[in-house]
Amino acid sequence: MITLRGLTKRFGRTTAVDALTVDIAPGRVTGFLGPNGAGKSTTMRMILGLDRPTAGEALIGGRAYRDLRHPLFEVGALLDAKAIHPARSGRAHLLAMARSNGIPARRVDEVLATVGLDDRAAAKPGRTLSLGMGQRLGIAAALLGDPPVLMFDEPVNGLDPDGVRWVRQLMRLLAEQGRTVFVSSHLMTEMQLTADQLVVIGRGRLLADAPIAEVIAGSAAAVRVRSPQPDGLATLADRLTAAGAIVEPAGPDELTVTGSTVDRVGDLAYELGVRLHELSPHGASLERAFMELTADSVEYAGVPSPAGETR
Amino acid sequence: MTATRIRPTTRSAGFGGIVAAEWTKLWSVRSTWWTLLAAVLVTAATAGQLAIYAANANTNDDPADDRGIVTVGSIVIGSMELTQYAVLALGLLVVTSEFTSGTIRTTLQCTPSRGRVLLAKAVVTAAVTFPFGLLLGGVGTLVAGPVLGEWGSAPVAGTLRDLLAVSAYLALVGVLALGLGAALRSAVLSLIVLVATLMIVPLSLQEPDITLLNRIADGFPGVAGGHFMAGDTEPYRAAWGLLLLAGWAVAALVLGRAALRRRDA
């Protein structure tokens with residue numbers, strides 16, 4: 001369980017994270033979404049005690065990270081896959097981590113095997129590791145202490161399709177084992193496949209904290225209606241417009257309806273006796289929901305006005 | 001995923017584990033070995049050079065006069081003026097390389113207590129530089145002795161005392177560099193500050209030979225360490241020189257710890 005209470009981080013006059021209050025529950029994968037610069041990495045760094053919050057607190061199992069004596073048994077984290085000394089082998093990197101927390105050396109071999117790094121790859125110096133190998137090493141590091149809480153910042157960056165699938169399965173498995181899995185990504189499709197719960201932030205503020213299905217359903221998706229009866233279609237369009245929906249012709253026998261739902265359009269068609277050949281949700285995706293949620297934050301971030309960042 | 005649950009092993013968990021981690025990190029990068037090799041070469045070269053100077057300066061063959069015989073130990077001590085930079089580079093690298101490579105975040109993730117991390121680094125730095133100082137002293141003695149020839153003397157007890165003093169000096173200067181590196185984060189900046197503190201500032205203060213300025217210079221770590229190694233009785237006893245230098249090292253550690261705690265990693 002990760003608990004954020006009014007978590008705030010200001011750098012000078014810029015507020016990177018703004019009074020974030022969220023509970024990240026065990027037993028499921030919680031996706032952490034936000035546009036670039038939304039404060040995702042800063043939030044994760046504060047959870048790990050690397051950055052000091054300006055206000056509020058971040059707790060893991062009720063305790064602040066800086067108070068943990070053997071933190072690798074409590075939290076495993078992958079922050080930056082490139083954070084390995086260029087001349088140090090991956091194995092030595094993990095061994096040093098293990099020793100610091102009194103983890104037996106054989107556990108290093110176990111996690112290396114888990115992430116699919118063989119002896120040769122583990123012996124290579126950090127500078128020669130590919131981004132994908134770095135990610136695997138970072139995930140191995142996170143698993144060292146077999147912790148109940150795991151955090152991954154952009155874990156599939158640089159992985160090949162096989163690796164992406166493997167990370168997805170690993171996240172699911174870790175959550176099924178009852179662990180708290182908190183993972184940030186900018187890949188919407190990846191999130192849609194992996195996450196149960198979503199935490200969305202923009203400009204440091206909480207925009208959504210809900211099950212993923214709810215977030216997607218909340219997007220103003222369109223409904224596509226196709227009918228061989230032009231008159232019936234016109235009547236349907238009128239009634240929908242009267243009900244506040246926006247109706248646009250998408251073809252000679254097709255309408256695109258926004259501001260309504262598949263259920264409502266279907267019910268109305270039944271009521272009017274209009275024969276339908278197609279009734280489908282259109283464009284309902286996490287990507288769309290995300291764009292809508294973060295539209296304001298992105299808009300502001302893109303304006304280079306000098307007044308943009310001051311409040 | 002393995003089903004085995006891992007628990008801290010009682011043997012190495014705690015501070016010993018943190019020291020073991022730092023030890024592993026130090027010896028798993030090749031630059032450590034290069035730094036030590038550089039220190040050996042610089043010691044050999046400097047001790048040899050100083051010995052040649054000492055031998056050449058002595059031209060008085062009249063045995064009734066003071067023939068200007070120097071101890072080999074004093075040559076080794078003199079060579080530290082230069083050699084110390086190769087050794088304190090080790091203390092610097094232990095911490096500044098963590099900032100350059102970003103591994104400081106991993107280190108603090110493993111051990112959130114900044115004070116314990118820095119203390120473990122200090123233990124490892126001292127544990128390496130002290131015995132290494134003995135090795136350097138041995139190298140310096142082996143080079144300076146033959147070069148000095150008849151102009152040198154090497155009483156066993158005195159030489160041993162000199163070599164131990166050199167080791168203590170190098171260990172403390174290494175820890176001083178470590179603390180400063182933690183506070184300043186940049187190796188280059190730290191090195192500039194160290195060269196200024198150990199050499200440039202006290203030398204400038206001593207230049208006009210004004211008593212007050214000389215006294216101030218005596219408070220600087222390099223000068224204090226020099227008085228300690230030379231076994232001086234003036235302006236203060238050698239033991240006070242050691243304490244002064246140790247005080248500087250501790251102050252640097254305290255400064256480094258404060259910086260690590262206050263600043264975001």
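**Close-up views of a predicted two-chain model**

**View 1. Helix 6 of chain B passes helix 7 of chain B in a right-handed crossing.** A crossing is called left-handed if the near helix is turned anticlockwise from the far one by less than a right angle, and right-handed if clockwise; helices (H or I, at least four residues) and strands (E, at least two) are DSSP runs, numbered from the N terminus. This is a predicted model, in which local features need pLDDT of at least 70 and side-chain atom pairs count only at pLDDT 80 or more, whereas totals for chains, interfaces and linings use all residues. Residues are numbered from 1 along each chain as its sequence is written, and chains are lettered from A and ligands numbered from 1 in the order in which they are written. The axes of helix 6 (residues 156-184) and helix 7 (residues 187-206) of chain B come within 9 Å and cross at roughly 130 degrees, where axes are lines fitted to C-alpha atoms, for helices over the stretch in contact, and angles run from 0 to 180 degrees between N-to-C directions. The two helices of chain B are therefore oblique to each other (angles under 35 degrees count as roughly parallel, over 145 as roughly antiparallel, 65 to 115 as roughly perpendicular and the rest as oblique).

**View 2. An open sheet of six strands in chain A has the order 6-7-8-3-9-10, with mixed pairing.** Two strands pair if DSSP finds at least two bridges between them. Strand 6 (75-78) and strand 10 (205-211) of chain A stand at the edges with a single partner strand each, so one side of each is left without a neighbour in the sheet. Neighbouring strands of this sheet are turned by 15 degrees against each other on average, direction ignored.

**View 3. Strand 7 (residues 149-153) and strand 8 (residues 180-184) of chain A run parallel and are joined by five bridges.** Within this pairing, A:Leu150 stands opposite A:Val181 in strand 8 of chain A. Helix 5 (residues 131-143) of chain A packs on the sheet and touches strand 6 and strand 7 of chain A, its direction making about 170 degrees with that of strand 6 of chain A.

**View 4. In the interface, 39 residues of chain A are in contact with 31 residues of chain B.** Two residues are in contact if their C-beta atoms, placed from the backbone, lie within 7 Å. Helix 2 of chain A gives the most to the side of chain A that touches chain B, with six residues.
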